[in-house]
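Biologist: Could you bring up the model, so that we can go through its pockets and a few of its residues?

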Amino acid sequence: MSVLIEALVPVFGLIVMGYLLKRWNFPGEGFWPLAERLTYYVLFPAMLIFKLGNAQLAPSAYLEVAVLIMAMLAAMTVVLVICQFVWRWQGAVYSSVFQGAIRFNSYVALAASGLLLGDTGISLMAIAVAVMVPTLNVICIVMFALVAGQGGVKLKPVLFAVATNPLIIGSLVGVIWSFFRIGFHPIVAGMLSPLSELALPLGLMTVGAGLQLKALRGASVPFLVATALKLVAFPLMTAGLALLLGIDGLMLQVAILVAALPTASSAYILARQLGGDAPLMAGIISGQTLLATVTIPLMLALLW
């Protein structure tokens with residue numbers, strides 16, 4: 001437990017630092033949106049290409065990760081459908097519960113896996129990100145169309161956004177680079193390496209800058225359900241699925257870690273654009289990020 005806490009404290013410390021700097025309006029009002037844009041479009045893709053490109057993974061690892069991730073998402077989707085039969089929330093509320101229970105923060109995923117599991121762990125996490133991001137986007141878009149859509153949801157722009165997602169592109173390029181053992185010229189490596197080192201701290205601080213703690217006022221049953229499912233039930237469910245599929249070792253650790261992570265900051269944007277309950281979504285994101293400082297070490301200590 002102490003090792004886990006020591007590894008995770010820097011992750012959440014940087015998130016808190018980002019929140020405080022944004023609150024103190026430093027270095028300026030326009031900085032944080034631009035920093036997030038730089039991280040999303042340049043730093044994280046560079047890191048994914050560099051880390052995955054240098055990885056020496058067995059070909060079977062890619063399929064095993066994909067199978068486990070798809071099983072995890074399918075199982076949680078079934079649980080969320082059952083929850084709706086029990087509570088019968090309005091469509092907008094349910095959409096935020098759904099996103100809050102099934103999505104994950106990729107910045108925290110890559111940072112935590114790098115600190116806890118090393119380069120091989122971050123490579124496996126990058127593959128998980130490449131599988132989960134497009135799959136989750138499609139699942140959530142279909143869910144919005146069924147329960148909260150206003151005037152229908154256009155699939156073509158969504159598919160285009162998924163296909164041009166920098167994290168997916170970076171992961172795919174890195175996988176190809178690794179599979180064909182291309183390697184990096186020292187000049188290219190000399191550029192990608194410092195960009196990789198910059199990606200995680202700046203990415204985590206932008207997560208903190210995006211927190212909206214005021215949204216936690218009057219936490220409701222939907223908030224509690226989404227948070228309990230994401231931070232407790234999902235990692236427990238994932239451990240059970242991995243046992244059934246015969247998956248263990250580092251791959252199991254990566255799967256449990258990604259299941260235990262707080263939901264994605266981008267879920268707020270989707271809720272606002274597609275008719276979801278945006279204030280509830282903001283509360284779920286902020287609350288889960290804070291509670292994850294306690295639940296992630298507990299879940300990892302219990303299940304690893």
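Biologist: How many residues line the largest pocket, and which lie nearest its centre?

Modeller: This is a predicted model, where local features need pLDDT of at least 70 and side-chain atom pairs count only at pLDDT 80 or more, while totals for chains, interfaces and linings use all residues. Residues are numbered from 1 along each chain as its sequence is written, and side-chain values use heavy atoms, with hydrogens and water left out. The largest pocket is lined by 46 residues, and E36, Y40, S265, S266 and I269 are the ones nearest its centre. A pocket here is an open set of points on a 1 Å grid over the protein atoms alone, with protein on both sides within 12 Å along at least five of seven lines, and a lining residue has an atom within 4 Å of a point.

Biologist: Which elements give two or more residues to that lining?

Modeller: They are α2 (31-53), α5 (106-147), α6 (155-163), α7 (166-179), α8 (186-209), α11 (266-273) and α12, and α5 gives the most, with seven residues. The helices are DSSP runs of H or I with at least four residues, numbered from the N terminus.

Biologist: And what volume does the largest pocket have?

Modeller: About 1400 Å³, where a volume is the space filled by probe spheres set on the grid points, which are joined across faces, edges and corners.

Biologist: How many cavities of 30 Å³ or more does a search of the whole structure find?

Modeller: The search finds one, a cavity being a set of points where a 1.4 Å probe fits but cannot get out. The largest cavity has a volume of about 60 Å³, and V65, L68, I69, L124, A128, M251, V254 and A255 make up its lining.

Biologist: Why does M125 count as buried?

Modeller: Because its relative accessibility is 0%, and buried means under 20% relative accessible area, with exposed over 50% and partly exposed in between, using a 1.4 Å probe and protein chains only.

Biologist: Switching to N165, where is it, and is it buried or exposed?

Modeller: N165 sits in the loop between α6 and α7, and it is buried, with a relative accessible area of 9%. Leaving aside neighbours within four places in sequence, N165 is in contact with Y40 and V133, and Y40 is among the residues nearest the centre of the largest pocket.

Biologist: Last topic, the surface: which residues form the nonpolar patch?

Modeller: M1, I5, V9, V294 and L298 form it, with about 440 Å² of accessible area together, and α1 and α12 (278-303) each supply at least two of its residues. Accessible areas come from the Shrake-Rupley method with a 1.4 Å probe, and for residues only the protein chains shown count as cover. L298, in helix α12, is partly exposed, with a relative accessible area of 46%.

Technical notes
Patch = residues over 30% accessible without salt bridge, like charges linked within 9 Å, V, L, I, M, F, W, Y side chains within 5 Å. Salt bridge = Lys/Arg side-chain N within 4 Å of Asp/Glu carboxyl O. Contact = heavy atoms within 4.5 Å.
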